[in-house]
Amino acid sequence: MSDAPVAIGAKVAPEIENLFRRPEVIEGDVYDGIEPKLEPYKHQRRAVNDAVRNLKEHGYHALFMEMGTGKTKSTIDTFMSLYKDGVVSSLVIVAPKALISTWRDEELPKHLSLPVTVFTWDGRKSEKARREFADFVAAEGPVAYLVNVEAFQTIPDLMRDQFHTLTKTRPSLLVVDESSFIKSPDAARSKALVGAGRLARARMILTGTEITNSPLDLYM
């Protein structure tokens, strides 16, 4: 056995990469109608096709994928497909506060192949903030509204008004990232977010840790 050091994270051999990257034939594949920035892996292609089908037929979907397997990319590709088909025109992302800047500055630019107008909830009530929100709602093309899940602990009237305005004006896909944050049926944030979700055309939850304590640790 060689004593040579093993490189951690070494580049995957092309033949191994192709096993995962090789397109999978799916009847009515939604990827035929969009141009993702990154070609999906097989499991991502299946996940997006399942999500689009469920969201169109039922209006809701749960994306339970292990950490690091591409939940964010799959979600953004799902939105692009729904946008292309005219089902939704806005993406509402609810995530822990620490992840909001990641969605805004990294994930959307990395995966969304459409020009998007982004508005980040910050609680401002100034006239300038109202104008910015009005311009955001009226923008051409897709828009993305980002809000931290902690803000739903006691949902402010301003946020409620913005949700009503946005969802009434533009059919929305509401996505809750790290959805274990809203599992408890008695939690104020869970009730507030479920109420807001009823305004959306379609709803998704994402998590890589769907069961955190026991099999009885269920979603509301």
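**Note on Arg 170 and its surroundings**

1. Leaving aside residues up to four places away in sequence, Arg 170 touches Ser 89, Ser 90, Phe 136, Val 137, Ala 138, Ala 139, Gly 141, Pro 142 and Val 143, where contact means heavy atoms within 4.5 Å. The model is a predicted one, in which local features need pLDDT of at least 70 and side-chain atom pairs count only at pLDDT 80 or more, while totals for chains, interfaces and linings use all residues. Residues are numbered from 1 along each chain as its sequence is written, and side-chain values use heavy atoms, with hydrogens and water left out.

2. Arg 170 lies in the loop between helix 6 (157–169) and strand 5 (172–176); helices (H or I, at least four residues) and strands (E, at least two) are DSSP runs, numbered from the N terminus.

3. Although Arg 170 is buried, it has no salt bridge, and Glu 140, the nearest side chain of opposite charge, is 9.3 Å away. Buried means under 20% relative accessible area with a 1.4 Å probe, protein chains only, and a salt bridge is a side-chain nitrogen of Lys or Arg within 4 Å of a carboxyl oxygen of Asp or Glu. Lys and Arg count as positive and Asp and Glu as negative, whereas His and the chain ends are not counted.

4. The side chain of Arg 170 does reach backbone oxygens, that of Val 137 at 3.0 Å and that of Ala 139 at 2.7 Å.

5. For the chain as a whole, the secondary structure comes to seven helices and six strands, and buried residues make up 42% of the 220 residues.

Technical notes: Buried means under 20% relative accessible area, exposed over 50%, partly exposed in between (1.4 Å probe, protein chains only). A polar contact is a pair of N or O atoms within 3.5 Å; within protein, one must be able to donate a hydrogen and the other to accept it, and residues adjacent in sequence count only if both atoms are side-chain atoms.
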